[in-house]
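I opened this notebook to record how the chains of one model meet. My entries follow the order in which I looked things up.

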Amino acid sequence: MPIEISHIERLAQILSRSGVDAIEIEEPGLTLKLVVDTGNRTAASATLAAADAPVTHRSIIAKADVAGQFLAAHPWQDKPFVSPGQRIEDGAMVGLVKVGLLYAPVVAPAAGTIDAVIAETGAMVGYGTPIARIRELN
Amino acid sequence: MTVTDRPRISLLGTSALLFEAPGAFDLPHQRRIWALAATASKWPGIREAIPGITNMMLTFETPPRELDTLIAALNDGWDAAEGLAIGGREIRLPVTYGGEVGSQLQSVAEHCNLSIDDVVAIHAAPLYTVFALGSHPGYCYLGGMDPRITMPRRQTPLQRSAGGSVSIGGSQTGVSASPGPSGWHAIGHTNWTFFDPTWPAPAALAPGDTIRFEIERVIR
Amino acid sequence: MEILSVTGPASIQDLGRFDQYRFGVGTSGAMDEVALRAGNILLGNDENAAAIEIPMMPFKLRFGRDMAFALTGAGVEAEIAGRPIPPWWRSHARAGDVLTIKAMSRGARLYLAVGGGIDVPMILGSRSTQFRGEFGGWHGRPLQAGDTLPCASSTAAIDELGIEPADITLARPDAAADQTIVRVVIAGEYDAFDAATQALFWSGRWKITPQSNRYGYRLQGPDMKPKAPVEKRSHGIVPGVIQIPPNGQPIIQMRDAQTSGGYPKIATVIRADLWRVGQARLGSELRFEQTAYTDALAAEAEMSTYLDRLRTNVRLVEELRACR
């Protein structure tokens, strides 16, 4: 279903009401990114390159599905959600994206072993930004 | 204690305010408190006006932005308050004085230089008026106690005192409605239900009702 | 849902019972009002919906059907069906899933809210447990293993989502580790203490003794004696009032406190900070900071702003899902 202009207007209203800076929505064949212009643009492109680096084994990537600030650990906890070498289940939480006062989980799309947490704590991430690389179980 | 002729008004944080009337702990002053509470409970922003012993607490639905208007209204309200004579019911309460629950009967007698029989007779003589409800569900503060059996509250409260305890705290007396901690001295007990949340008015007694204690037994 | 194991007095609480003082009935209600509201906001509940307040771990419960739930308040080690649950988080349980809460690493009270709230009867305007009156909540008593609690409605599956804990957004400056600074407005008998004793109250580091609970926090610190003994006529008191009994050691009245008292009152913890007292741990220290009535109202407004933002942010997530 295409995104309609009325939807975009509605989304923009919701954003400005809620104090959230930006949001990205992906539909088949189309990505919509709305940024509230605060004069302070952020990007997460540096981390994208790392994700694209060639790897020798079959990996899968856990991606952010909302724009915001990446947190590898909950602010109350010292220990990150995952560390390299750690075995995780399908759906396990690998980090958080902070949007306003919300903490949205970033989850592993499959079971495996954590190769690397690509995103850095505090970095701004967007829809689809790679967060962690996971080596799939054989 | 010095007694000023103006009321004292003090804050209880942002959720309530305390109004303390000048003058004696007696029925005429308490009747003015009842009158003031009946008026103040209708003021905007006030959740409840709760009579205490010659004082009144106002709890706020929303805390007032500024307090001067409210303070002025309380002072004016007090000056204007005619005693509200509530024609309450008269309740007869059989009391067993002394015994396990009323274990402080002896110490009250010693403190007051009276015999046990004197304490019982003095305590049971007056027709008490329910001045206010408070402390715990259904508890009544009674006015009218003879000052000869005054005994200061405990230094450290008892962790658990029985429900139905008839006790003395300072120059006040009352009957507890349920078991719980107490800083007062229990001299007897009664079997009566003071509170039931399923009743239309959950407390059996209300300010203005009167109580006469009947000496059922004295256990020495 | 069925309680499998419980340590200490866990109880059903909503925001409280606020208009029954004239019958001698105190407020009861959640010791951490902000955490209860936040949990209910996460689930789209009425903010006054009843939840379980859990002061001690371990605690274990089995969900009887598919249900959304949220954990707010204390920082705990919690798992649902083996998956860890971060702090201030909502999640979804399937029928038969076991929620296990082990250690409590931060704060003093955890709130477990469920979609639609815990459906115990409303008694005198509230679902909160009235311990002294033995009514409200679950048969007017603390929860026990084997209790099966009714829930208002099962909710459609919701996404996992967390929110920023109140103590981050509403952080207070200069609090040392294991110390909580709370703002107070002075009360009626402040002037019954001489200047040196008043100064001790402000400078004192007040240790929270083990005799502290939902009724009151008994503190230990400098000796606070009034200029002359004060015995007041009984009068109404509210949660937050700090009394000084004859032994000179303050007691902060909390949610299950008596509705009246006669000990001198030196100050009252403001509503905007009372939840911080509710989350202060036994053995930790409290300090008092004097604040004016108008500043106390401003602090309440700040607390409301945090809750308003939570509400809008959580609603945003739901509206976005509806848009997609």
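I count two chains as in contact when heavy atoms lie within 4.5 Å. I looked up chain A and chain B on this basis: they do not touch, and their nearest C-alpha atoms are 26 Å apart.

I note that this is a predicted model, in which local features need pLDDT of at least 70 and side-chain atom pairs count only at pLDDT 80 or more, while totals for chains, interfaces and linings use all residues. Residues are numbered from 1 along each chain as its sequence is written, chains are lettered from A and ligands numbered from 1 in the order in which they are written, and side-chain values use heavy atoms, with hydrogens and water left out.

**Chains B and C**

Which of the two pairs of chains that touch has the most contacts? I found that it is the pair of chains B and C. Here 43 residues of chain C meet 52 residues of chain B. The buried area (accessible area, 1.4 Å probe, that two parts lose on being put together, summed over both) is about 4000 Å², and carbon and sulfur atoms give 55% of it. On the side of chain C, Arg132(C), Arg233(C) and Tyr293(C) lose the most area to chain B, together 21% of what that side buries.

I then searched for salt bridges (a side-chain nitrogen of Lys or Arg within 4 Å of a carboxyl oxygen of Asp or Glu). This interface has four. One of them joins Glu231(C) to Arg153(B), whose closest N and O atoms are 2.9 Å apart.

**Chains A and C**

I next recorded that 29 residues of chain C are in contact with 26 residues of chain A. These two chains bury about 2500 Å² between them, with 69% on carbon and sulfur atoms. How many salt bridges lie between chain C and chain A? I found one. Lys98(A) forms a salt bridge with Glu164(C), and their closest N and O atoms are 3.6 Å apart.

**Aromatic rings**

I also listed aromatic pairs, in which rings of Phe, Tyr and Trp (its six-membered ring) have centres within 6.5 Å; planes under 30 degrees apart are stacked, over 60 edge-to-face, and the rest tilted. The rings of Tyr139(B) and Tyr141(B) are edge-to-face, because their centres are 5.0 Å apart and their planes stand at 85 degrees. In chain C, ring pairs link Tyr190(C), Phe201(C), Trp202(C), Trp206(C) and Phe288(C) into a cluster.
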